Amino acid sequence: MKITYLGHSAFIIEEGDFKGIIDPFITGNSLSNINVDEITGLSHIFVTHGHGDHLGDTIKLAANNDVLVISNAEISNYLKEQGLNTHSMHIGGRHSFDFGVVKLTPALHGSAISTESGPVDGGNPCGFVIEINGKKIYHAGDTGLTMDMKLLEIENIDVGLFPIGGNFTMDIEDAIRAVDFVKPKLAIPMHYDTFPVIKADPREFAEKNKTCNTKIMSIGESYEF
Ligand code: NI
Ligand code: MN
């Protein structure tokens with residue numbers, strides 16, 4: 001499995017014919033170094049919650065690619081009204097797709113979708129456990145530290161993606177505790193430095209994380225496992 005970091009909480013996951021993107025915030029992402037039109041061949045989009053820095057370019061990418069969007073029921077319904085192909089799930093639910101198995105995990109956060117006609121209910125925010133060919137990724141989404149993360153230890157996560165920027169999500173101290181709860185084989189920090197209020201030093205996270213190895217990904221970098 002190959003994962004590529006696009007900055008903020010956006011990652012591309014590739015395995016065989018499968019090419020998924022999680023939280024595709026490209027346009028307006030000051031750290032992103034690609035144009036959204038350069039992202040081609042996508043088969044799936046995963047959206048953790050309705051905030052603009054996560055829902056991001058979902059509609060544009062769906063116009064450019066033949067994709068299935070996987071999200072909670074409220075976001076799925078909203079995107080379905082925009083003409084997108086969607087598969088709605090909800091917290092705690094697990095489903096087998098042709099590419100692998102997806103489970104929605106709890107996240108402590110908001111999820112309203114900002115639209116020109118005002119906010120739309122984006123349901124409960126979530127994280128994702130995505131299993132493909134026996135390899136598991138956990139994307140925490142935007143969340144505070146929660147005891148529920150302890151339940152993820154039994155999932156045997158290979159790679160865990162954790163927000164560290166604080167203010168809207170866990171900071172480094174809490175992200176370290178989250179890694180200890182989840183016990184992935186590898187932790188990757190995300191959701192930092194994009195805005196001044198979420199500035200954080202990923203090297204501090206790496207130094208303090210004694211649970212597993214840390215991989216600090218630069219923008220555009222890929223990692224295979
Ligand atoms: Ni958010
Ligand atoms: Mn966010």
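**Exercises: Pro184 and the nickel site**

Leaving aside residues up to four places away in sequence, Pro184 touches Ile157, Asp158, Val159, Gly160, Phe162, Val179 and Cys212 (contact means heavy atoms within 4.5 Å). A note before we start: this is a predicted model, where local features need pLDDT of at least 70 and side-chain atom pairs count only at pLDDT 80 or more, while totals for chains, interfaces and linings use all residues. Residues are numbered from 1 along each chain as its sequence is written, and side-chain values use heavy atoms, with hydrogens and water left out.

**Exercise 1.** Work out where Pro184 sits and whether Pro184 is buried or exposed.

*Solution.* Start with the chain: Pro184 is in the loop between helix 4 (172-182) and strand 14 (186-190). (Helices are DSSP runs of H or I with at least four residues, strands runs of E with at least two, numbered from the N terminus.) Next, check the surface: Pro184 has a relative accessible area of 4%, so call it buried (buried is under 20%, exposed over 50%, partly exposed in between, with a 1.4 Å probe and protein chains only).

**Exercise 2.** Find the protein donors of the nickel ion (ligand 1).

*Solution.* Look for N, O and S atoms within 2.8 Å of the metal (3.2 Å for Na, K and Ca); water is not among the atoms, so sites may look incomplete. You get His49 (NE2), His51 (ND1), His109 (NE2) and Asp142 (OD), 2.2 to 2.3 Å away. Then follow Asp142: it bridges the nickel ion (ligand 1) and the manganese ion (ligand 2), which are 3.2 Å apart.

Notes: Chains are lettered from A and ligands numbered from 1 in the order in which they are written.
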